[in-house]
Amino acid sequence: MNGNGTIISALPTSYFLARCNPCVRPVRAEEPHPPCPECGQVLRGERLFAVTRDESCDASCMGAVGPSCSCSCGGANHGKSFGAQSTREETERAVTAYRARVAREEEKRAKKEAAARTRAQRAFEAWSAAEPDRAELLAYLAEGPHDNDFVADMAREVAQLRPLTVRQEAAVGRCMEYARRRAQAQQRRAEEAATAAPVPTGKALEIEGEIVHARYDEADFGSAGRYKMLVRGEAGWRVWSTVPAALIRALGGGPARSFQGKRVRFTADVEVSPKDATYGFAKRPRKAAVA
């Protein structure tokens with residue numbers, strides 16, 4: 001019970017109020033962990049504090065379920081309808097009234113949540129229909145699962161009917177375009193691998209093809225790193241090799257990605273990969289030049 005009168009005293013009492021959620025009922029007792037009279041579950045009670053005011057005590061004090069009494073009884077009657085000293089008929093009436101109140105509150109909360117979901121749904125539908133390109137973006141986010149944490153977060157946002165900001169939408173668009181290009185590249189590589197001829201192997205072989213991938217590997221302990229390249233021949237086979245210094249100079253140096261797309265020729269000893277007959281490893285590359 002919450003009052004507005006003048007406070008006379010505020011003292012802790014020897015009583016505790018607990019609630020059994022499965023049984024939907026309060027319990028008042030003189031111990032902090034009373035059992036539920038219906039299911040026997042041990043509950044965790046809150047000590048009743050008597051905040052005495054100069055106002056009269058009424059029926060709402062007997063049926064209270066909060067831990068603070070603020071009327072003139074000083075906690076003597078607070079939640080008494082749920083105590084062991086109450087008659088069975090009084091306790092049943094109090095529990096029935098409490099359950100009815102909880103049901104009304106839950107119904108009110110459910111209606112409020114349903115109304116909020118309806119408003120959110122309408123706002124989200126208006127946002128999604130405002131731009132024609134958003135349908136493709138939303139379809140991409142709905143595909144999942146996404147290995148990109150940012151995209152996964154944005155997918156959860158739209159799943160919860162939250163429109164994206166302009167910056168978020170633009171970032172998702174860039175991720176979607178990158179994913180599209182990556183999928184196309186994977187498909188192209190799969191098609192090339194399916195039709196590729198076995199890689200030529202042997203000593204002092206002349207290799208000619210296009211650099212389809214290049215990278216620079218840093219070395220440990222301050223020594224110089226190395227450029228590496230993947231060269232694809234006309235027949236579709238691929239060879240992984242270190243880039244010879246002469247070829248680096250011929251390609252103009254610079255970042256490794258600038259080597260990609262260039263046709264080169266070099267001599268090397270080639271061994272086939274034990275996992276893929278169309279893939280080989282070049283050793284001792286030499287006599288390299290831009291083709």
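Two strands count as paired if DSSP finds at least two bridges between them. Helices (H or I, at least four residues) and strands (E, at least two) are DSSP runs, numbered from the N terminus. This is a predicted model, in which local features need pLDDT of at least 70 and side-chain atom pairs count only at pLDDT 80 or more, while totals for chains, interfaces and linings use all residues. Residues are numbered from 1 along each chain as its sequence is written, and side-chain values use heavy atoms, leaving out hydrogens and water.

**View A. Strand β9 and its partners.** Strand β7 (residues 238-242) runs parallel to strand β9 (residues 279-290), joined by three bridges. Look for valine 239, which stands opposite glycine 280 in β9. Strand β8 (residues 263-272) is antiparallel to β9, with seven bridges, and valine 270 faces alanine 282 in β9. Six residues lie between β8 and β9 in their hairpin.

**View B. Helix α5 from end to end.** The 30 residues of α5 reach 44 Å from first C-alpha to last, close to the 44 Å expected at 1.5 Å a residue (the expected span is 1.5 Å times one less than the number of residues). Buried residues (under 20% relative accessible area, 1.4 Å probe, protein chains only) include Glu169, Cys175 and Met176 of α5.

**View C. What lines the largest pocket?** Of its 13 lining residues, Arg188, Arg189, Glu192, Val212 and Arg232 lie nearest the centre. α5 (166-195), β5 (202-217) and β6 (226-232) each supply at least two lining residues, and α5 gives the largest share, five residues.

Methods:
1 Å grid on protein atoms, 1.4 Å probe; cavity = no way out; pocket = protein on both sides within 12 Å on 5 of 7 lines; lining within 4 Å. Buried < 20%, exposed > 50% of the residue type's maximum accessible area, 1.4 Å probe, protein only.
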